[in-house]
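Please open the structure in your viewer and keep the selection tool at hand.

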Amino acid sequence: MMLWIAAAAIGIVVVAVLIYKYTKTSKYDVVGFSTYCKICGDKINGLKCPKCEQKKTDLR
């Protein structure tokens, strides 16, 4: 019985936080995704930069 009460309380807190974040977010905000590498600045087509990935794994 106590587990159900704890789960319900956690759920209510999570929903309250999400509603708060939704109300504070501007309607013009969008989720962005950068297509440029953070290290070298080259444009990438996937999640990893091929140039920087080779530098990490190179043991020379």
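A residue counts as buried under 20% relative accessible area, as exposed over 50%, and as partly exposed in between. Please bear in mind throughout that this is a predicted model.

**First stop: a salt bridge.** Select Asp 42 and Lys 51. Their side chains meet in a salt bridge, with 2.7 Å from N to O. A search of the whole structure finds one salt bridge.

**Second stop: the surface patch.** Now select Met 1, Met 2 and Ile 5. Together, these residues make a nonpolar surface patch of about 420 Å². Ile 5 is placed in helix α1, which comprises residues 2-24. Because its relative accessible area is 49%, Ile 5 is partly exposed.

Next, select Cys 37, Lys 38, Ile 44, Leu 47 and Cys 49. Of the 13 residues that line the largest pocket, these lie nearest its centre. The pocket holds about 240 Å³ of space. What kinds of residue form the lining of the largest pocket? Eight are nonpolar, one is polar and four are charged.

Keep Cys 37 selected. This residue lies in the loop between α1 and α2, the latter being residues 50-57. With a relative accessible area of 12%, Cys 37 is buried.

Methods
Residues are numbered from 1 along each chain as its sequence is written. This is a predicted model: local features need pLDDT of at least 70, side-chain atom pairs count only at pLDDT 80 or more; totals for chains, interfaces and linings use all residues. Side-chain values use heavy atoms; hydrogens and water are left out. Patches are made of residues with over 30% relative accessible area and no salt bridge: like charges are joined within 9 Å, nonpolar side chains (Val, Leu, Ile, Met, Phe, Trp, Tyr) within 5 Å. Accessible areas come from the Shrake-Rupley method with a 1.4 Å probe; for residues, only the protein chains shown count as cover. A salt bridge is a side-chain nitrogen of Lys or Arg within 4 Å of a carboxyl oxygen of Asp or Glu. Helices (H or I, at least four residues) and strands (E, at least two) are DSSP runs, numbered from the N terminus. Buried means under 20% relative accessible area, exposed over 50%, partly exposed in between (1.4 Å probe, protein chains only). On a 1 Å grid over the protein atoms alone, a cavity is a set of points where a 1.4 Å probe fits but cannot get out, and a pocket is an open set with protein on both sides within 12 Å along at least five of seven lines; lining residues have an atom within 4 Å of a point. Grid points are joined across faces, edges and corners, and a volume is the space filled by probe spheres set on the points. Ala, Val, Leu, Ile, Met, Phe, Trp, Tyr, Cys and Pro count as nonpolar, Asp, Glu, Lys and Arg as charged, and the others, Gly among them, as polar.
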